[in-house]
Amino acid sequence: MKDTVSASFKGVQWKGNVYVGLFLHMVLMMVLYSICRVAFYFFNTDYFPGISFQHFLRLMWGGFRFDLAALLYVNSAFILFYILPFNWRFERLPQRVASVFFLVTNGLALLANVADMVYYRFTLRRTTAEVFAQFQNETNGGKLIFLFLIDYWYAVVFWLLLMALMIFFHKRIRMEGPKLKNKIS
């Protein structure tokens with residue numbers, strides 16, 4: 001049995017492997033989402049009195065499951081791009097487009113998480129799509145965003161730190177792959 005498993009992985013290149021790279025990208029984002037969840041709790045501890053460490057861990061587990069679903073939604077196009085068996089996905093331009101797409105979509109997801117840390121104090125619930133309906137008739141949206149950035153500068157700094165971490169580790173994950181001779185296989 002052991003020989004069969006070893007033979008199955010013989011010749012597999014782990015460094016730069018597209019599937020290992022996808023896995024590492026998803027782990028990176030789950031770590032960043034978890035950091036956001038812990039920051040959310042500490043930023044809003046006044047609203048969660050008397051939570052034991054065991055209860056906190058249970059909340060983290062529930063948040064992990066939610067984040068995993070969100071992660072797959074946010075990154076579905078990125079994942080699909082890399083699992084389709086086309087040789088051009090490893091060329092320079094498509095790689096750069098995929099990289100920018102990954103950073104922008106996940107940066108927006110992190111921004112929503114960080115904004116939710118602050119917004120929770122006003123609604124006492126996590127942000128949903130209803131937030132857009134609440135602000136659709138605002139005529140001074142730009143001014144509100146500017147005031148938000150000034151009043152909650154530390155949330156902006158936290159988001160920029162998360163972005164720097166994401167970019168730093170994203171650049172270290174190589175996504176290379178074999179040029180397939182037989183695409184059907």
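**View 1. A nonpolar patch on the surface of the predicted model.** Nine side chains are shown: Phe 23, Leu 24, Val 27, Val 31, Ile 35, Leu 161, Leu 165, Phe 168 and Phe 169. Together they expose about 780 Å² of accessible area. Helices H2 and H8 (153-172) each supply at least two of the patch residues. H2 gives the largest share, with five residues. Val 31 is one of the patch residues, and its place is in helix H2.

**View 2. Helix H2 packed against helix H4.** H2 covers residues 18-43 and H4 covers residues 76-83. Their axes lie 10 Å apart. The packing angle is about 170°. Angles over 145 degrees count as roughly antiparallel, and H2 and H4 are therefore roughly antiparallel to each other.

**View 3. Residues at the contact of H2 with H4.** From H2 come Val 18, Tyr 19, Leu 22, His 25 and Met 26. They meet Phe 78, Ile 79, Tyr 82 and Ile 83 of H4. By class, eight residues of this contact are nonpolar and one is polar. No charged residue takes part in the contact of H2 with H4.

**View 4. The salt bridge between Arg 37 and Asp 67.** A search of the whole structure finds one salt bridge. The side chains of Arg 37 and Asp 67 form this pair, with 2.2 Å from N to O.

Definitions and conventions. Residues numbered from 1 in each chain as written. Predicted model: local features only at pLDDT ≥ 70, side-chain atom pairs only at ≥ 80, totals over all residues. Heavy atoms only, no water. Axes fitted to C-alpha atoms, helices over the stretch in contact; angles between N-to-C directions. Helix = DSSP H or I, 4+ residues; strand = E, 2+ residues; numbered from the N terminus. Parallel < 35°, antiparallel > 145°, perpendicular 65-115°, else oblique. Contact = heavy atoms within 4.5 Å. Nonpolar A, V, L, I, M, F, W, Y, C, P; charged D, E, K, R; others polar. Patch = residues over 30% accessible without salt bridge, like charges linked within 9 Å, V, L, I, M, F, W, Y side chains within 5 Å. Areas by Shrake-Rupley, 256 points an atom, 1.4 Å probe, with all protein chains shown as cover. Salt bridge = Lys/Arg side-chain N within 4 Å of Asp/Glu carboxyl O.
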